[in-house]
Amino acid sequence: MATTAQLFEEPFDADEYIERLAWRTPGGGSKGGAEAFDPKRLLDEFKCHIEELKQLDEKIQRKVEKLEHQCHREAKEFAHKVQDLQRSNQVAFQHFQELDEHISYVATKVCHLGDQLEGVNTPRQRAVEAQRLMTYFNEFLDGDLRSDVFHNPEKIKEAADIIQKLHLIAQELPFDRFADVKAKIASKYHDLERQLIQEFTAAQRRGEIGRMREVAAVLLHFKGYAHCVDVYIKQCQEGAYMRNDVFEDTAALCQRVNKQVGEVFSSPETVMAKLIQNIFENKLQAHVREKLDETRHSDVEQYLKNLYDLYTRTTALATKLTEFNLGSDKHTFLSKLIKNIFSSYLESYINMERDYLRSRGAMILQRYYDSKNHQKRSIGSGSIQELKERIRQRTNLPLGPSIDTHGETFLSPELVVNLLQETRHAFERCHKLSDPPDLPKNAFSIFLLLVEHLCVEHIDYALEIGLAAIPSSDAKNANLYFLDVVQQANSIFHLFDKQFNDQLMPLISSSPKLAECLHKKKEVIEQMEVKLDTGIDRTLNCMVGQMKHILTEQKKTDFRPEDENNVMIQYTTACSKVCGYVSKQVEHVRKSMDGKNVDTVLAELGVRFHRLIHEHLQQFSYSSMGGMLAICDVAEYRRCAKDFRVPLVLQLFDTLHSLCNLLVVAPDNLKQVCSGEQLTNLDRNLLHAFVQLRVDYRSARLGRHFS
């Protein structure tokens, strides 16, 4: 059995158990090979082992039954014990209830007895107190204060209590009979009050918080309690303002005093509020008045800066002070204090802001034009000016003198930054110093000044000068600076738009002024876009005029060479010059424009460029070799057109190149070429016109192909 028990190892595995049993049986395992294996002996061993397992199972079963019986017996015993304990607990709970009822009964009796004793003792105490006060009153009546309490400084608290009560009694007595005693009591009342305040002041200087608290508690019932608080407030400010920063000193003082006030006075929130009110109405108001009054009329810029700084720091100080207990509505209390200090300055703030911005903006503009030695011109307006402008646009006639700006755009990034900086500061001050109902209106008035100085007096003026400086389209070697004006005007307006969104929008976003601001901005944009479009259109006309002037160098013999067999050039000189000029202008446009405007302007320039070349080519007649030269010129124009990066322009020159093929194609193939993919959609008259440019048009009877 011991052997069997040894085979049961944890964790139990039946297959492994059989293997171990076979391995232990001689002749039952693989030891010794197949010859040594004895199945009969292994079978006998298994049968024997099965019998052992049955005996082991019976033994374990008997042990289990014994343990189960023992467990049932102990469970019954435990249940009996629990029942006994429950009965004991019920008895104890009943005893506890009886004891609790008895205690309640005794307590009721004691309270009733206490009420009876109090009912007897209270009248007795009142009578004793009345007798004591009558004794002291008699001393005042006799004029001889014999009691030690009135002469002993250590009993000043008791004396104060007596005098305070006598003072109240004396006020009820008729004046004609007790005038003298009333005067003596009043005199002693004021004398004690003065002594208590002196004692409080001395304790404050010594830093004796306990003594200060005792004296303050006594003075609480005296009329001079308010004077005691005033003395405390005055004395705690002594030596507190040693630095130049009154705001930091105030914050530090209140932080230090706050704890002491709570330890000394019974209503610390009232004392703390009175201290802060005293500081605001004296120290801060004097500081603000000194800082502002000295610059209000002499230096408006510094005055506005000081006003913004002082108001900001005062509101920041008030925010710090809200952490102290100042009563139920401390925010309203602090707001009133701030308003009392700044109300006279805030009433006139926006007028001074506008006046300052108006003069400052005018000064910045004038300083810039003076640096350029430029006297601002008065730009004409009205129907006559508009009529001149329309005539100029339609006919390009020089109506009036052209202005030579020598390449000056009269737009200054530095000036713009200065104007926007001044306006940004104005918006910040407006946000801080304006009443909430007036904020949108005030911000809008500042915005209008920015529009006047930046958009009208500077950008619009520069556009007018730029327009006046654009030469006529037939001018030779004209310098075109208007695109530089366009570039700088766009950059400046981006800055203007950024300030509009970043600075102005938060101030007006929830008010009716938003619509007015957006309308004004749209109006300004539209006015400038009209002038920009006009200037760009006239500049493009000048570019085309310059190209036309270059093309006048084209000779008739370029396309009808005397020696057809000795032409060595790839394209004509005029073509080379025009392409060089156009490439420079395309690059100029790309530098001056941004976004979709580049493609729009280049598309317009490309169309006009194509129209000019198309009309130019129709002025000549072409020999066979001349036609080849024309094709080479157009190929060079097409290569130049690729710089535009506009599909329409490239398509136009592709078509023109195909038209030029009509100048060199053999007469027999002409009809086939006209029906080709590039030319089949073109007007037959256009094709005929190009074929008519050939020198062999009549001799080869080419007109019959179009009849």
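Which residues in helix 7 meet which residues in helix 9?

**Entry 1: basis.** I worked from a predicted model, in which local features need pLDDT of at least 70 and side-chain atom pairs count only at pLDDT 80 or more, while totals for chains, interfaces and linings use all residues. Residues are numbered from 1 along each chain as its sequence is written, and side-chain values use heavy atoms, with hydrogens and water left out.

**Entry 2: helices 7 and 9.** I found that Ala-226, Val-229, Asp-230, Tyr-232, Ile-233 and Cys-236 of helix 7 meet Val-271, Lys-274, Leu-275 and Asn-278 of helix 9; contact means heavy atoms within 4.5 Å. Helices here are DSSP runs (H or I, at least four residues), numbered from the N terminus. By class, I recorded seven nonpolar, one polar and two charged residues in this contact; Ala, Val, Leu, Ile, Met, Phe, Trp, Tyr, Cys and Pro count as nonpolar, Asp, Glu, Lys and Arg as charged, and the others, Gly among them, as polar. The axes of helix 7 (residues 225–236) and helix 9 (residues 268–293) come within 10 Å and cross at roughly 55°. Axes are lines fitted to C-alpha atoms over the stretch in contact, and angles run from 0 to 180 degrees between N-to-C directions. The two helices are therefore oblique to each other (under 35 degrees is roughly parallel, over 145 roughly antiparallel, 65 to 115 roughly perpendicular, and the rest oblique).

**Entry 3: helices 12 and 14.** I noted that helix 12 and helix 14 pack at an angle of about 175°, with their axes 10 Å apart. That makes helix 12 roughly antiparallel to helix 14. Among the contact residues are Leu-357, Arg-360 and Gly-361 of helix 12 and Leu-419 and Glu-422 of helix 14. The contact of helix 12 with helix 14 has 11 nonpolar, two polar and five charged residues.

**Entry 4: cavities.** I counted three cavities of 30 Å³ or more; a cavity is a set of points on a 1 Å grid over the protein atoms alone where a 1.4 Å probe fits but cannot get out, and lining residues have an atom within 4 Å of a point. A volume is the space filled by probe spheres set on the points, which are joined across faces, edges and corners. The largest cavity has a volume of about 80 Å³. Its lining comprises Leu-357, Arg-360, Gly-361, Leu-419, Glu-422, Thr-423, Leu-449, Leu-450 and His-453. Helix 12 (349–371), helix 14 (413–433) and helix 15 (439–469) each give two or more residues to that lining. I classed the lining of the largest cavity as four nonpolar, three polar and two charged residues.

Technical notes: 1 Å grid on protein atoms, 1.4 Å probe; cavity = no way out; pocket = protein on both sides within 12 Å on 5 of 7 lines; lining within 4 Å.
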